[in-house]
Amino acid sequence: MSIQAQALEGASTAEMIRQADSSLMYIVTRPNIVFTRGKGSYLWDADGRKYLDFIQGWAVNSLGHSPPALVRAINRQAKALINGSPAFYNEPMIRASRLLTENSCLDRVFFANSGAEANEGAIKLARKVGAIKRNGAYEVITTHNSFHGRTLAMMSASGKAAWAPLFEPKVPGFVKVPFNDLNAMRLAVNSKTCAIMVEPVQGESGVFVARERYMKGLRELCDQEGILLILDEIQTGIGRTGTLFAYEQYGIEPDIMTLGKGLGGGFPVSALLAKEGVSVFEAGDQGGTFCGQPLAMAAMAAVLEEMIRKKIPKRAKSRGNRLRRGLKAMGQEFDFTEIRGKGLLIAVDLPADKAVAAVELALEKGLLINAPRPSTLRFMPALNISNAEIDEMLAILAEVLRKVL
Ligand SMILES: Cc1ncc(COP(=O)(O)O)c(C=O)c1O
C-alpha cells in the first residue's frame, strides 16, 4: 500500500511528469505542462504560468473554465445527492430532460457519459427501428473524414482513413461515402439501409461545413426512402455554431441527434435524443451505471439554463464573426488559403504544412490552439469569450505565424 500521490504537493513539474510517465498508459505525447487551475478563457500551470485557451478541452468548456453557475450547481448537488441509481428517477434528471426536449425538435432523451456512447445508442436505436419497420435493415451510411468516437463501433462508423487498418475486424454495417455529395449518398441507400449519420460540421477532420442544399437533400432522401437521419451534434450542439443546435440553421429536423462535449460545460455527460415515433427502445435495450446520475444532470441543467438565459449561442455567432474578420485581415499577410466554420468553430488553412509548428510556438507564448491537419489551425474558444480575448489571441497568432511561415 502506498499514499505516494500525496507527496505531489510542492513537487516540481519535472517530478510530477516523471511520476505521470511511470504510471499512465501511453496514448499521446503530452507537453511538459501540468495544469492546476482555470478561469474563463485562461488556464494556469503548476509553475503559475498563464495560458489563453482556444481549445477549451476540445470544444467542451462551453462557458469557459469553472463558470460560477456550473460550480454552484455541482457544489449544491454534491451536497444533496451525487449518485442515486440509474433505475430510479432523480430531480436534476427530470429538469435536464425537460430542458433538452422543450428547446429542441426532439421528444425523448437518453443520457450517457461520452459522445461515443451516445452515438452507440443512436446506432442501436436506428437498427431497432430498421428491425421493426424495414425488414431488419441495419446498415448506416456515414461520410468520409467523419468522426464519431473511439469505441470499436464508432471507429467503424467514422470515416477517418488512418483508422481503417486498426483493431480489425471492424464492426460491420457501416457504409461510407464522400461528405457533401448528395448523389453518392443517394446511390448508397439500399434495402439494408436503416439510417444516414452525419455531422453538420465535420470538426475533427478540419472544420468542413455541410452545405444547406446537402442537408435539405439528406432530409428529403430519408423521407423518400423511409430511413432515419441521425445528426451527430456532439461538437456542433449547445451553441457552438451560433444556434443552440446546428440543425436549426438548415431548416431541417433530424430523427435522432446526439450531444456531448459542451453539454456539461466540462462535466462528462452526453445525450441521445429522438423523435417520439423513433423512440422504440424496450426495457433492457439500453442503459448504463452512470446514465442520468444526479451530479451530471445538475451540471447539464445549469449549463443549458445559462446558455438559454444569457443567449450565449447568439453571442457565439457575433464573437465568431469578429474572430473571422480578424483572421481574414491577417490572411492578407499570411496568405491563408481558406477560412471556414460556423459560430465559434473556425479553421484556417495555412499556405504550408506549418500548423503543428504554429501550435508548438503558440504554446510557448501562452496560447492553446489546435492543428487538426498539417496545414490547418482550429479555434474553439469558450462561447462567452470577450472581444479583448479574441484580439489577444489574434495578436499572439500573428507573432507566431511571422516566425513559422
Ligand atoms: C462529432 C463528434 N462525435 C463524437 C465524438 C466523440 O465524443 P467523445 O470523445 O466524448 O466520445 C467527437 C469527439 O471529438 C466528435 O467531435
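Start with helix H5 (residues 115-133), which supplies the largest share of the shell around the ligand, three residues. Helices here are DSSP runs of H or I with at least four residues, and strands are runs of E with at least two, numbered from the N terminus. The model is a predicted one: local features need pLDDT of at least 70, side-chain atom pairs count only at pLDDT 80 or more, and totals for chains, interfaces and linings use all residues. Residues are numbered from 1 along each chain as its sequence is written, and side-chain values use heavy atoms, with hydrogens and water left out.

**The ligand**

Select the ligand and the 13 residues around it; Gly115, Ala116, Asp232, Gln235 and Lys261 come nearest. A residue counts as near if one of its heavy atoms lies within 4 Å of the molecule. By class, this shell has three nonpolar, six polar and four charged residues. In that scheme Ala, Val, Leu, Ile, Met, Phe, Trp, Tyr, Cys and Pro are nonpolar, Asp, Glu, Lys and Arg are charged, and the others, Gly among them, are polar.

Next, show the polar contacts, pairs of N or O atoms within 3.5 Å. At alanine 116, a polar backbone atom is 2.8 Å from an oxygen atom of the ligand. At phenylalanine 147, a backbone N or O atom lies 3.2 Å from a nitrogen atom of the ligand. At aspartate 232, an N or O atom in the side chain is 2.7 Å from a nitrogen atom of the ligand. The ligand taken alone exposes 400 Å², and the protein buries 82% of that. These areas come from the Shrake-Rupley method with a 1.4 Å probe.

**Backbone stops**

Move to the loop between helix H6 (152-157) and strand E6 (174-177), where proline 169 lies. The peptide bond from glutamate 168 to proline 169 is cis, with omega near -5 degrees.

Then select tryptophan 58, in helix H2 (residues 56-59). Its phi is near 65 degrees, a positive value in a residue other than glycine. Buried means under 20% relative accessible area, exposed over 50%, and partly exposed in between, using a 1.4 Å probe and protein chains only.

Lysine 311 is in the loop between helix H9 (294-309) and helix H10 (312-334). Lysine 311 is not a glycine, yet has a positive phi of about 50 degrees. With a relative accessible area of 54%, lysine 311 is exposed.

Go on to leucine 397 in helix H12 (residues 387-404). Leucine 397 is buried, with a relative accessible area of 0%. From leucine 397 to leucine 368 there are 29 residues in sequence and 10 Å in space, C-alpha to C-alpha.

The last stop is leucine 43, in strand E2 (residues 42-45). At 9% relative accessibility, leucine 43 counts as buried. Alanine 347 is 304 residues away from leucine 43 in sequence and 22 Å away in space, C-alpha to C-alpha.

Conventions
A polar contact is a pair of N or O atoms within 3.5 Å; within protein, one must be able to donate a hydrogen and the other to accept it, and residues adjacent in sequence count only if both atoms are side-chain atoms.
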